Amino acid sequence: MNEAIEKSGYVAIIGRPNVGKSTLLNCLLGEKLSITSPKPQTTRWQILGIKTLPQAQIIYMDTPGVHKSEKRAMNRYMNRIANAVLIDADVIVFMIDATKWHSEDELVLKKLASLSKPVILAINKIDRLKDKALLLPLIEKLKDKLTFAQIVPISALEVQNIPALEDEIIKLLPEGPQLYPEDQITDKGVRFHIAEVIREKLIQATEEELPYATTIEIEQFEESDKLVEIGAVIWVERQGQKVIIIGKKGAKLKKIGIQARREIEKYLDRKVFLRLWVKVKEDWTDNEKALRSLGYE
């Protein structure tokens, strides 16, 4: 353990769906930990990203987006994760989109108003603002919504103003010793990362609502010196969804498998043999028992 570390703590990255939380986590860590896509509900888990600096250890917590609708069990599960993270956090980074204020942003704000924890407002996607002069009136307007510890305009995608955001986070961390080993960057294991890579490629390859009805389960993981054999099931809710994912003569499933295998090989630094199956579990996203059986707890 590094005895020079004087500060350590948990930092929750929270906001509505698709505001860029996972992109920010990857940017802050300098490597890909959370999968990303332009589609909402990409992040379903609480993922720790651990960054050890000479003077501080920051434990970032990526969260699912806060949902206005709780019609399905999956939405309720993701809101529970986001709420639990707020309780655990020492510092909160509230992310919004510089181009538009949403009703779901207001929902997050109401949750934050009941907390007595420092909140940094990160105004993301400033690279999309054609007129940067619009930032000042936006900041003035947002100042009235909550007493923020700091307001930092950023672009997680273009890596703009990220060091300034991290500096503000470190200032607000409580004093304390190192909590995790220096070489540990996450709380998630290899199987989790592999399943998420497959899910990312699936999201990229499919349209509309289909990605939200899918999840990945690793059934086989066997390692040798030169080869890793992986068997994974893609669970869907309907037979029609299975047909779409497999594609004509298996073409779409093959494409997903090739793209996932390439990224997994880079991650493991070994040759990978990947088998994918598509199976149906009726209405699993609206079934609490099915969610728990698939690891959503």
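Guide: Two strands pair if DSSP finds at least two bridges between them, a strand being a DSSP run of E with at least two residues and a helix a run of H or I with at least four, numbered from the N terminus. This is a predicted model, in which local features need pLDDT of at least 70, side-chain atom pairs count only at pLDDT 80 or more, and totals for chains, interfaces and linings use all residues. Residues are numbered from 1 along each chain as its sequence is written, and side-chain values use heavy atoms, with hydrogens and water left out.

Visitor: What makes β5 and β6 a pair?

Guide: Four bridges join β5 to β6 (residues 150–153), and the definition asks for at least two, so they pair. The two strands run parallel, with A122 opposite V152 in β6.

Visitor: How many bridges link β4 and β5?

Guide: β4 and β5 share six bridges, in the parallel sense, and I123 in β5 is the bridge partner of I96. The chain passes from β4 through helix α3 (residues 103–113) to β5 in a right-handed β-α-β crossover, meaning that, with the strands pointing away from the viewer, the path from the first strand over the helix to the second runs clockwise.

Visitor: Why is β5 called largely enclosed?

Guide: Buried means under 20% relative accessible area (1.4 Å probe, protein chains only), with exposed over 50% and partly exposed in between. Six of the six residues of β5 (residues 119–124) are buried, so the rest of the structure largely encloses this strand. V119, L121 and I123 cover one side, while I120, A122 and N124 lie on the other.
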